[in-house]
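Q: I'd like a close look at one part of this protein, namely its charged side chains and their partners. Could you walk me through them?

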Amino acid sequence: MEQPNHEMPVAQLGPRGPVVSRLALGTMTFGAETAAEEAHRQLDAFHDAGGTFLDTADVYADGESERIVGEWLRSRGHDDVIVATKGRFAPPPGSPGASRRGLVRAIDASLDRLGVDSIDVYFVHGWDRDTPIEETLDVLSAEVRKGKLHAVGWSNVTGWQLSRLMTTARLGGYVVPTVVQPQYNLLDRSIELEVLPCAIDEKLAVTPWSPLGGGWLTGKYQRDAQPTGATRLGEDPNRGVEAYDTRNTERTWQVLDVVRTIAERHDRSMAEVAVAWLLTRLNVASVLLGARTLEQLQQVLPAASLTLDAEDLEQLAAVSAPGLPDYPYGVVESFSDMAIWKVLGTAG
């Protein structure tokens with residue numbers, strides 16, 4: 001059996017960001033599905049395993065996640081921890097989420113809940129159609145100059161949005177984002193069409209969320225048997241992008257069969273294989289792990305030490321390849337020889 005090594009590798013969040021552990025602890029469950037005491041146990045175990053990167057948001061449990069993380073930081077005094085949080089979806093009345101008034105208030109509220117003087121990485125939690133991108137970048141730049149933020153990024157954007165905000169930042173003299181946070185896993189590689197190529201071209205770090213596809217890549221769900229019990233889909237089978245009826249497809253089961261075979265070959269869990277694959281993808285600096293319980297977290301932490309061989313990577317890339325829509329992507333590839341999609345194995 002391949003023995004896990006608990007020395008956590010690190011990577012830089014792009015050319016302008018901090019150095020972080022290659023596994024990050026996502027805290028969306030804290031204060032909602034995970035009580036404070038259990039959350040602190042997760043945080044302790046993550047840090048003991050070498051984890052230094054924590055990810056939260058002002059809307060997670062209406063701010064309770066930030067408060068729990070802040071309590072843990074104050075009680076433990078770890079000075080090697082990098083904290084990321086997000087704002088956009090909880091603006092004060094009368095202001096769009098990424099507006100000057102909205103973001104200034106959101107940042108100050110997050111600082112207060114976290115109990116820190118500055119936020120290491122601040123993500124805008126999505127595109128705001130009601131606010132000019134210049135205004136959003138200007139307020140982020142001002143907050144960086146004040147020392148409230150150290151680095152900035154965006155979450156949940158399209159390729160054209162990412163390209164526009166990067167170009168606007170550079171040409172306008174604003175703070176330049178260093179990281180993007182999209183969904184990315186073996187069951188959903190759609191960011192490879194435009195978001196990931198843009199991130200690679202712009203030298204942006206990528207910190208994927210939902211690396212296990214909402215639990216699908218752990219192998220806990222069964223074909224033609226809708227989940228029940230205390231799981232995400234057991235409690236809500238129509239939950240978001242991982243909804244049972246949406247993902248219960250022949251392609252999903254083909255991917256899971258390959259992941260299971262590789263996991264058995266390495267004597268590791270399917271979750272570890274799924275995360276280890278993500279760690280090999282271009283520009284992926286750190287992968288966000290989310291868990292309800294300490295046991296769930298401990299089952300996937302050893303992924304940082306799992307090295308997949310060339311055959312493993314080839315099989316995983318082939319079975320999970322999303323393919324290219326005929327137009328414009330297929331035509332562009334045919335006439336322009338798009339090397340990036342060949343490198344990523346997007347077309348299959």
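Predicted model: local features only at pLDDT ≥ 70, side-chain atom pairs only at ≥ 80, totals over all residues.

Is K342 buried, partly exposed or exposed?

A: K342 is partly exposed, because its relative accessible area is 48%. K342 forms a salt bridge with D337, and the closest N and O atoms of the pair are 3.1 Å apart. D337 has 54% relative accessibility, so D337 counts as exposed.

Side chains of opposite charge can pair when their charged atoms come close. Across the whole structure, a search finds 19 salt bridges. One of them joins the side chains of D44 and R76, with an N to O distance of 2.8 Å. That pair links distant parts of the chain, as D44 sits in helix 1 (residues 36–48) and R76 in helix 2 (residues 64–76), 32 residues apart. D44 is partly exposed at 23%, and R76 is partly exposed at 33%.

Another salt bridge brings together the side chains of D257 and R260, at 3.4 Å from N to O. Both belong to helix 9 (residues 250–266), and because D257 and R260 are three residues apart there, about one helical turn separates them. D257 has a relative accessible area of 40%, while R260 has 29%. There is also a network of salt bridges linking D108, E143, K146 and K148.

Finally, consider K86, which lies in strand 5 (residues 82–87). Its relative accessibility is 0%, so K86 counts as buried. A polar atom of the K86 side chain lies 3.0 Å from the backbone oxygen of T56. Leaving aside residues up to four places away in sequence, K86 touches several residues, including D55, D58, Y122 and H125.

How values were computed:
Residues numbered from 1 in each chain as written. Heavy atoms only, no water. Helix = DSSP H or I, 4+ residues; strand = E, 2+ residues; numbered from the N terminus. Buried < 20%, exposed > 50% of the residue type's maximum accessible area, 1.4 Å probe, protein only. Polar contact = N/O pair within 3.5 Å; in protein donor to acceptor, adjacent residues only side chain to side chain. Contact = heavy atoms within 4.5 Å. Salt bridge = Lys/Arg side-chain N within 4 Å of Asp/Glu carboxyl O.
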